[in-house]
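Welcome! Please take a moment with the sequence and the 3D view before reading on.

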Amino acid sequence: KVGVSIEDDMRRAELIRSLIGPDNKLMMDANQIWDVKEAVVSTQSTGREGQEEKKDRIKVLESEGYPAYITSVGWLGYSDDKVKRLTAEKLSEGWTAFKMKVGVSIEDDMRRAELIRSLIGPDNKLMMDANQIWDVKEAVVSTQSTGELS
């Protein structure tokens with residue numbers, strides 16, 4: 001999501017610029033910012049070609065911001081009415097990527113995913129986070145069940 005003001009966007013651009021600077025070790029070590037890392041450090045580039053790619057990535061980040069998602073719409077235990085209200089609020093704020101918590105019941109996960117998908121439409125992203133509730137086999141089976149919704 002792009003910041004709510006030019007000042008926010010400029011601060012974010014400066015943060016990103018510092019993370020992709022000459023030594024991006026901070027980026028590589030920081031597990032908390034995987035989304036930023038994926039957006040910025042998608043390849044290991046070196047030399048003149050790498051510098052051009054880096055300049056291009058910086059231009060995109062400065063003009064478009066960096067990708068982010070909102071998690072507050074899909075916490076486990078929220079009523080459908082609360083999910084609807086929060087989703088509408090976040091859509092009106094400009095969010096285009098939403099993450100919901102899953103893992104208690106595949107039936108409930110599917111119902112909630114269908115609800116959120118119906119609210120955000122087909123062009124926005126819907127992601128699911130089981131917070132390590134599932135083992136690998138459960139994750140594969142569950143995500144195959146919800147795949148068309150995310």
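Predicted model: local features only at pLDDT ≥ 70, side-chain atom pairs only at ≥ 80, totals over all residues.

Residues are numbered from 1 along each chain as its sequence is written, and side-chain values use heavy atoms, with hydrogens and water left out.

**The overall fold**

The protein has 7 helices and 3 strands. Helices (H or I, at least four residues) and strands (E, at least two) are DSSP runs, numbered from the N terminus. Along the sequence they follow the pattern α-α-α-α-β-α-β-α-β-α. Of the 150 residues, 36% count as buried; buried means under 20% relative accessible area, exposed over 50%, and partly exposed in between (1.4 Å probe, protein chains only). Among contacts (heavy atoms within 4.5 Å) with a separation of 6 or more, 61% join residues 24 or more positions apart.

**The sheet and its helices**

The strands form an open sheet in the order β1-β2-β3, with parallel pairing. β1 (70-74) and β3 (125-129) stand at the edges with a single partner strand each, so one side of each has no neighbour in the sheet. From one strand to the next, the twist averages 40 degrees. Strands of a sheet pair through backbone hydrogen bonds, either parallel or antiparallel. Here, two strands pair if DSSP finds at least two bridges between them. The table gives both pairs.

| Strand pair | Sense | Bridges |
|---|---|---|
| β1 and β2 | parallel | 2 bridges |
| β2 and β3 | parallel | 5 bridges |

In β3, K125 is the bridge partner of A97. Helix α5 (residues 80-92) packs on the sheet, touching β1 and β2, and its direction makes about 145 degrees with that of β1. α6 also packs on the sheet, where α6 touches β1, β2 and β3, and its direction makes about 155 degrees with that of β3. For these angles, axes are lines fitted to C-alpha atoms, for helices over the stretch in contact, and angles run from 0 to 180 degrees between N-to-C directions.

**Inside strand β2**

Is β2 enclosed or open? Strand β2 is largely enclosed by the rest of the structure, because 5 of its 5 residues are buried. In a regular strand the side chains alternate between the two faces of the sheet. In β2, A97, K99 and K101 point one way and F98 and M100 the other, and all are buried.

F98 sits in strand β2 and is buried, at 0% relative accessibility. F98 is the bridge partner of I70. The C-alpha atoms of F98 and T71 are separated by 6.1 Å, though these residues are 27 apart along the chain. Leaving aside neighbours within four places in sequence, the contacts of F98 include Y69, L91, I120 and M127.

K90 is buried, with a relative accessible area of 15%. Beyond neighbours within four places in sequence, K90 touches I70, S72, V73, W95 and F98.

**Out on the surface**

V104 is found in the loop between β2 (97-101) and α6 (106-120). With 65% relative accessibility, V104 counts as exposed.
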